[in-house]
Amino acid sequence: MENGTVIISGGAGFIGTRVAPRLLDSGRTVIVLDNLHRQVHPDGAWPEALDPRAIRIEGSVVELDDWLAAIDRSEGDISVLHLAAETGTGQSLTEARRHAGVNVLGTATMTDALVNRNVWPTSIVLTSSRAVYGEGEWLDEDGRPGAPDPRTAADLDQMRWMPRIGARFAVHPLPHVAKTVQPRPTNVYAATKLAQEHLLNSWCSAMGVPLSILRLQNVYGAGQALSNSYTGVLTFFATRSVAGEAIEVYEGGGILRDFVHVSDVATALVAALDAPGALREPVDIGSGEGVSLQRVAEIMADLSSAPAPIVTDRYRLGDVRAAFASIAAAQQALGYRPKVTLQDGLTELLSFARS
Ligand SMILES: NC(=O)c1ccc[n+]([C@@H]2O[C@H](COP(=O)([O-])OP(=O)(O)OC[C@H]3O[C@@H](n4cnc5c(N)ncnc54)[C@H](O)[C@@H]3O)[C@@H](O)[C@H]2O)c1
C-alpha cells in the first residue's frame with residue numbers, strides 16, 4: 001500500500017474521476033481541486049462519478065489560496081496530478097487569454113503555492129497533449145522526412161488534405177515520438193500545453209522535484225462530457241449515432257487519430273505517480289495505432305444500427321490531418337500496455353451515450 005496525498009487539479013473531470021478511485025484503493029489520500037467549470041459541469045455540481053472518498057475543494061488553479069487550501073488538507077508526502085485545463089482547441093484561438101490564464105498561470109500558481117508552504121512534492125505528473133506536435137512529422141513523395149507547415153484554407157478548399165513540406169506534399173505520416181519529433185503547436189491550447197511542460201521542466205529541475213510529462217493522444221470513454229461541444233470528436237459521433245442519425249465525417253473521411261481509452265490513460269498516470277523519476281523526458285500515451293475517422297464512424301454506426309456515415313469534403317481550419325503515437329517509450333519506462341480494444345471502448349461509449 002502507498003501512503004501520502006495526491007492533489008488532483010481538475011480531478012472532477014473525465015480523466016480525474018477515473019484516476020481517483022485507483023489512488024484511493026492504493027491507500028493514498030486524494031484531494032480534488034476543481035472549479036466545476038460550467039463548460040464541463042453545466043449544473044455546477046460535483047459529478048456523481050467522483051469517488052466519495054476524495055476530499056473536494058471547489059476552487060481555481062489560478063488562485064493561490066485555493067492551492068494553499070489543498071496543500072493544507074494534505075497528509076504525509078504530497079504528489080500532484082495536474083489535470084486542470086481549458087481544453088477547447090478551436091475555442092483557444094478566439095479565447096486565448098482564458099486558455100493561457102488557466103493553463104499557464106494556473107501551473108505557475110501551483111509552483112508558487114508549493115514554495116509558499118515549503119513543500120517539495122514526491123512527484124508532479126502533468127497531462128500534456130499530442131496537440132503540441134501540430135502536424136508532426138511526415139515523409140514526402142520521395143520518402144524524405146520533414147515537418148509540414150499548418151494546412152491553409154486555400155489548400156483545404158481545393159480538397160488538398162495532405163500538409164505540405166515546403167513546396168511538396170507530405171504523403172506518409174510518422175508516429176509521434178517525444179524524443180525525436182519537435183513540437184510545433186498550431187493553436188493556442190497546444191501552445192499553452194507546451195508552455196506548461198517548459199514551466200514545470202524548469203521549476204522541477206531547479207527544485208529537484210521529479211516530473212513526469214505524459215502527452216496524451218485522443219482520450220475517450222464513458223464519462224466524457226457529452227454536453228460539452230468542445231470535447232473530443234467521439235462524443236459528437238456517439239450522440240449522433242445513438243440518436244439514429246448519420247455521422248458526418250469531414251475531409252473525405254481520411255483524418256487519422258489515435259484513440260486511447262480513459263482506463264488505459266488512468267493506468268499510465270498511476271504508473272507515473274508510482275514511479276517518480278522514471279521519466280526523464282515526456283512520453284506519448286495512446287493506443288499506438290492510427291485509425292481513420294471514417295472507420296471509427298462506420299464501427300459506431302454499425303454498433304448502434306444507425307445509417308451509414310456521410311463522408312463530406314467539409315473541414316475545420318486548425319485540425320491536423322494525422323496524429324498517432326509510438327508508445328514504445330511509455331512501455332519501456334512505465335510498463336504501459338493499453339488493454340481496451342477500440343471495438344470494446346466504442347461499445348462502452350455508446351452505451352454511456354444511450355444512458
Ligand atoms: N481528454 C483528452 O482527449 C485529452 C487529450 C490530451 C490531453 N488532455 C489533458 O488532460 C487533462 C484533463 O482532461 P479531461 O479530458 O479530464 O478534461 P475535462 O474537461 O473533463 O476535465 C478538466 C477539469 O478541470 C476543471 N477545471 C477547468 N478549469 C479549472 C480551473 N481554473 N481550476 C480548477 N479546475 C479547473 C474542470 O472543471 C474539469 O473538471 C487536461 O490537462 C487536458 O489538457 C486530455
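Modeller: Start with burial. A residue is buried if 20 or more other C-beta atoms lie within 10 Å of its own, exposed if 12 or fewer, and partly exposed in between, with C-beta atoms placed from the backbone. This is a predicted model: local features need pLDDT of at least 70, side-chain atom pairs count only at pLDDT 80 or more, and totals for chains, interfaces and linings use all residues. Residues are numbered from 1 along each chain as its sequence is written.

Colleague: Why is Ser 305 called exposed?

Modeller: Ser 305 has 9 C-beta neighbours inside 10 Å, so it counts as exposed. Ser 305 sits in the loop between helix H8 (293-303) and strand S17 (310-311). Helices (H or I, at least four residues) and strands (E, at least two) are DSSP runs, numbered from the N terminus.

Colleague: What is the phi of Ser 305?

Modeller: About 50 degrees, a positive value, although Ser 305 is not a glycine. Most residues other than glycine have a negative phi. Leu 36 also has a positive phi, near 50 degrees.

Colleague: Is Leu 36 exposed or partly exposed, and why?

Modeller: Partly exposed, because Leu 36 has 18 C-beta neighbours inside 10 Å. Leu 36 lies in the loop between S2 and strand S3 (55-58).

Colleague: And why does Lys 339 get its exposure label?

Modeller: Lys 339 has 10 other C-beta atoms within 10 Å, so it is exposed. Its place is the loop between helix H9 (328-334) and helix H10 (342-354).

Colleague: Why is H7 described as largely enclosed by the rest of the structure?

Modeller: Ten of its 13 residues are buried, so the description holds. Among them are Val 262, Asp 264, Leu 269 and Leu 273.

Colleague: How do you know that the length of helix H7 (residues 262-274) agrees with its residue count?

Modeller: The expected span is 1.5 Å times one less than the number of residues. For the 13 residues of H7 that gives 18 Å, and the end C-alpha atoms are 18 Å apart, so the two agree.

Colleague: What surrounds the ligand?

Modeller: A shell of 32 residues, the closest being Gly 10, Gly 13, Phe 14, His 37 and Ala 85. A residue is near if its C-beta atom, placed from the backbone, lies within 6 Å of the molecule. H1 gives the most to this shell, with three residues.

Colleague: How does the shell divide by residue type?

Modeller: Into 15 nonpolar, 14 polar and three charged. Ala, Val, Leu, Ile, Met, Phe, Trp, Tyr, Cys and Pro count as nonpolar, Asp, Glu, Lys and Arg as charged, and the others, Gly among them, as polar.
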